[in-house]
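Please read it alongside the sequence and the coordinates shown below.

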Amino acid sequence: MDDFNPSSTFAETADGFDIPDSPASGRIDRAEPEIPAYLQDTYYWAYISPRNVPLLDREIVVRTILWQQHNKLQRLAFSEIEPGQTVMQPASVYGSFGPNLAKHVGPQGSVDIIDVAKIQVDSSSRKLQPYPWANAHHANCLHWQKGPYDVIVCYFLLHEVPDEVKHQVVDHLLSKVEVGGKVVFVDYAKPKWWHPLKLITSIVFDTLEPFAKGLWRNEIRDFAKDAERYNWRRETIFGDLFQKVVATRES
Ligand SMILES: C[S@@+](CC[C@H](N)C(=O)[O-])C[C@H]1O[C@@H](n2cnc3c(N)ncnc32)[C@H](O)[C@@H]1O
């Protein structure tokens, strides 16, 4: 895979947005991020459709999709974050995950939620209104240059992107934490062979979520180029259907 170097084609603004360089004119134009093909082609109905988004952006939807494990998974993610820290969340999450994260971090800290779909940024911004230390930004998380952060929490994004993008996301997020800082990945994993939900999950993945089984075949750590610079911790829950992987930067 080619080395991914976002800074070669994008410039950073004070608020962390990446904007394409315009070297010929010397002028910089703020541009809308492009919707990646995997999102447009596979997940339009779930994350971009103006008709579906208001119906799906509900706590009950997330709880149902995650087989009632969402609260536990959210607690596992938040247990890695201290109040007052600087936190980034690459990609919106439906329901109250974003506002809950903002409450958990508190006004002494900050939260940046990055989403490439404008409709998702608008919903996240609405939900974050009571928490001025938390903001949603319209950008591709791969081009987000602000940081380093104390903690980055990547909640169910990886299974929705192709494997080559998983590499890019993991590498980019790892590069955006302080020494001692963490990237927390919460996502699907390969369930135990006897898991009663393995077959249905497999069918759903094969029909609706074609990139998800990349997390059945590979450890998240294996998507990282400089994995040895981080300390890796992994735990699974619910018969291994879900995993939390924490990469702590050592140098
Ligand atoms: C985090 S994932 C799914 C989370 C979870 N399944 C839920 O219930 O919301 C979905 C979000 O990722 C966003 N997304 C996908 N690729 C992205 C990227 N490269 N940068 C920023 N956001 C991205 C989509 O626009 C969508 O809002």
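The lining of the largest cavity receives its biggest contribution from α6, which supplies three residues, and this cavity belongs to a predicted model. A search of the whole structure finds one cavity of 30 Å³ or more, and the space inside the largest cavity comes to about 30 Å³.

**The largest cavity**

- The residues that line the largest cavity are Q89, V93, G95, G98, P99, I113, S124, K127 and L128.
- Two elements, α5 (97-105) and α6 (118-128), each give two or more residues to the lining of this cavity.
- Sorted by class, the lining of the largest cavity holds four nonpolar residues, four polar residues and one charged residue.

**The largest pocket**

- The volume of the largest pocket is about 890 Å³, and among the 40 residues that line this pocket, those closest to its centre are Y47, F156, H159, E160 and E209.
- Elements that contribute two or more residues to the lining of the largest pocket are α1, α3 (59-65), β4, α7 (163-174) and α8 (198-208), and the largest share, six residues, comes from α1.
- Grouped by class, the lining of the largest pocket consists of 32 nonpolar, five polar and three charged residues.

**The ligand and its shell**

- Of the 20 residues around the ligand, the ones that come nearest are Y38, Y94, D115, N140 and C141.
- The shell around the ligand divides by class into 15 nonpolar residues, three polar residues and two charged residues.

**Polar contacts and burial of the ligand**

- N140, which is one of the residues that come nearest to the ligand, has a polar side-chain atom 3.0 Å from a nitrogen atom of the ligand.
- Y47, one of the residues closest to the centre of the largest pocket, places a polar side-chain atom 3.3 Å from a nitrogen atom of the ligand.
- In the case of V116, the atom concerned is a backbone N or O atom, and it lies 3.3 Å from a nitrogen atom of the ligand.
- How much of the area that the ligand exposes when taken alone does the protein bury? The ligand taken alone exposes 600 Å², of which the protein buries 96%.

**Backbone features**

- The peptide bond that runs from G147 to P148 is cis, with an omega near 0 degrees, and P148 is found in the loop between β5 (134-138) and β6 (149-155).
- A91, a residue other than glycine, has a positive phi value near 100 degrees, and A91 is found in the loop between β3 (86-90) and α5.

Terms used
Residues numbered from 1 in each chain as written. Predicted model: local features only at pLDDT ≥ 70, side-chain atom pairs only at ≥ 80, totals over all residues. Heavy atoms only, no water. Near = heavy atom within 4 Å. Polar contact = N/O pair within 3.5 Å; in protein donor to acceptor, adjacent residues only side chain to side chain. Areas by Shrake-Rupley, 256 points an atom, 1.4 Å probe, with all protein chains shown as cover. Nonpolar A, V, L, I, M, F, W, Y, C, P; charged D, E, K, R; others polar. 1 Å grid on protein atoms, 1.4 Å probe; cavity = no way out; pocket = protein on both sides within 12 Å on 5 of 7 lines; lining within 4 Å. Points joined across faces, edges and corners; volume = space filled by probe spheres on them. Helix = DSSP H or I, 4+ residues; strand = E, 2+ residues; numbered from the N terminus.
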